[in-house]
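Visitor: I would like to learn how to read the contacts in a model of this kind. Could you take me through them step by step?

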Protein chains: 2
Amino acid sequence: MSKKVIPADSTTEEKIKEAGRKVFIRKGYAGTTTREIADEAGLTHALVNYYFRSKDKLFDIVTQEQVAAFFGKIYPIVNNEDTNLDEKVKGLINYYTEILIEEPGMVFFISSEMQNRPERIAKNMEDNQGLAKAVIARQLHEARPDIHPMQLMMCILGMIIFPYISRGVFQRSMGISENDIIKMLKERAEFLPALIKAMLSN
Amino acid sequence: MSKKVIPADSTTEEKIKEAGRKVFIRKGYAGTTTREIADEAGLTHALVNYYFRSKDKLFDIVTQEQVAAFFGKIYPIVNNEDTNLDEKVKGLINYYTEILIEEPGMVFFISSEMQNRPERIAKNMEDNQGLAKAVIARQLHEARPDIHPMQLMMCILGMIIFPYISRGVFQRSMGISENDIIKMLKERAEFLPALIKAMLSN
DNA sequence: GTCTATACAAAGATAGAC
DNA sequence: GTCTATCTTTGTATAGAC
């Protein structure tokens, strides 16, 4: 997942969407003005409304695309019949470690969306068969029949994703640099599988 | 931590702050207008600025209070010399289970603040001796000397807090009711200590 | 000090010219 | 499809009554 660059020959609509993504990630919804988005794209602010109806709609689309990118690749992982639980956990960890270090702004969109419009994420999941009926759910049930598989999923995802939500706090309260916290997050990907395995062993 | 009710004889300033808290929780920062806050409080919108200088400042104060409430009670838990690790984990779980079920809107403020202004939360922690030097950090190090205590804290907090960030998604994707998800969250408080213990046992 | 009425500027949205 | 002018909403500031 590489950072998007706006091609010089892209359409106006694409320019605006990319400019919107940039500025929204940098300044958040409230801190962004449509005029600034237009400036970033080299156009007048009226065009933001012309193409996207409203600032809100544009934000919606940007968010929706971030969500789709965030979840898109996990379905093949959790639904793979040929991998065992440990391999799936490693797959999830590696994927999220990579994408969330490369696109730190993304986790903000995801956690906001999970709380503001959970139905949209739930729908995205259902369209991809979801987690409840995924192969990983069956494997989790086999490992720990005493605990609901979705409870275990919350544990696993919490351990993987929460550090990216709280990384700023930990970085500052430990008094370390941006690079050091990234190093910790990468180290984390190494030992997490073993910790999760220990947790799941009955 | 019971829901605040605005007493009829409270001051104008308190009325505005409570109205602001209500509307901000319901509609978020961008979705809230100062005029609506004033309506909710039964006053004219100019008073929001008179008492709080700006919408931003009011939001700041509301958020800061939510953060203080969220973290305030954990310091005595994690710094208690007389409890062992397992008891501390149970203390954290019980506290967060209680407060986050009773005030579901709080987790939104916390996760936003962790990402938007992590330095404020870090400062709040430092003022209370923080996590890195807390008794719990020492005990985590004794349990798993091979892994940085803060890494383990991220695991524990992730398992406890992440479900409240993602509850809406899980509720919908499992097709269950509000009450059912709350039941799951309460059940969770029962078995989490054992799972965490298993994870920490070397 | 508290509050009302009002003014003003910034920003989202829209109509109409080109 | 693009841009300018304009309208409306909303955050902010202030003058003046009490």
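Visitor: How many residues does the contact take from chain A and from chain B?

Guide: A word on conventions comes before the case: this is a predicted model, in which local features need pLDDT of at least 70 and side-chain atom pairs count only at pLDDT 80 or more, while totals for chains, interfaces and linings use all residues. Residues are numbered from 1 along each chain as its sequence is written, chains are lettered from A and ligands numbered from 1 in the order in which they are written, and side-chain values use heavy atoms, with hydrogens and water left out. Contact means heavy atoms within 4.5 Å, and here 45 residues come from chain A and 45 residues from chain B.

Visitor: What area do chain A and chain B bury between them?

Guide: The size of an interface is often given as the accessible area lost when the parts come together. Buried area is taken with a 1.4 Å probe and summed over both parts; for chain A and chain B the value is about 4300 Å², with 77% of it on carbon and sulfur atoms.

Visitor: How many salt bridges are counted between chain A and chain B?

Guide: A salt bridge pairs a side-chain nitrogen of Lys or Arg with a carboxyl oxygen of Asp or Glu within 4 Å. The count between the two chains is 2, and one of these joins the side chains of A:Glu119 and B:Arg172 at 4.0 Å, N to O.

Visitor: Which element gives the largest share of the side of chain A that touches chain B?

Guide: Helices are DSSP runs of H or I with at least four residues, strands are runs of E with at least two, and both are numbered from the N terminus. Helices H7 (106-116), H8 (118-126), H10 (149-174) and H11 (178-200) of chain A each give two or more residues to this side, and the largest share, 20 residues, comes from H10(A).

Visitor: Which residues come nearest to DNA strand C?

Guide: A residue is near a strand if one of its heavy atoms lies within 4 Å of it. Of the 17 residues around DNA strand C, the nearest are A:Thr34, A:Arg35, A:Lys55, B:Thr12 and B:Tyr51. Sugar and phosphate make up 59% of the atoms of DNA strand C that come within 4 Å of the protein.

Visitor: Where on DNA strand C does the side chain of A:Arg35 reach?

Guide: A polar side-chain atom of A:Arg35 lies 2.8 Å from a base nitrogen, whereas a polar side-chain atom of B:Thr12 lies 2.8 Å from a phosphate oxygen.

Note on methods:
Buried area = accessible area lost by both parts, 1.4 Å probe. Polar contact = N/O pair within 3.5 Å; in protein donor to acceptor, adjacent residues only side chain to side chain.
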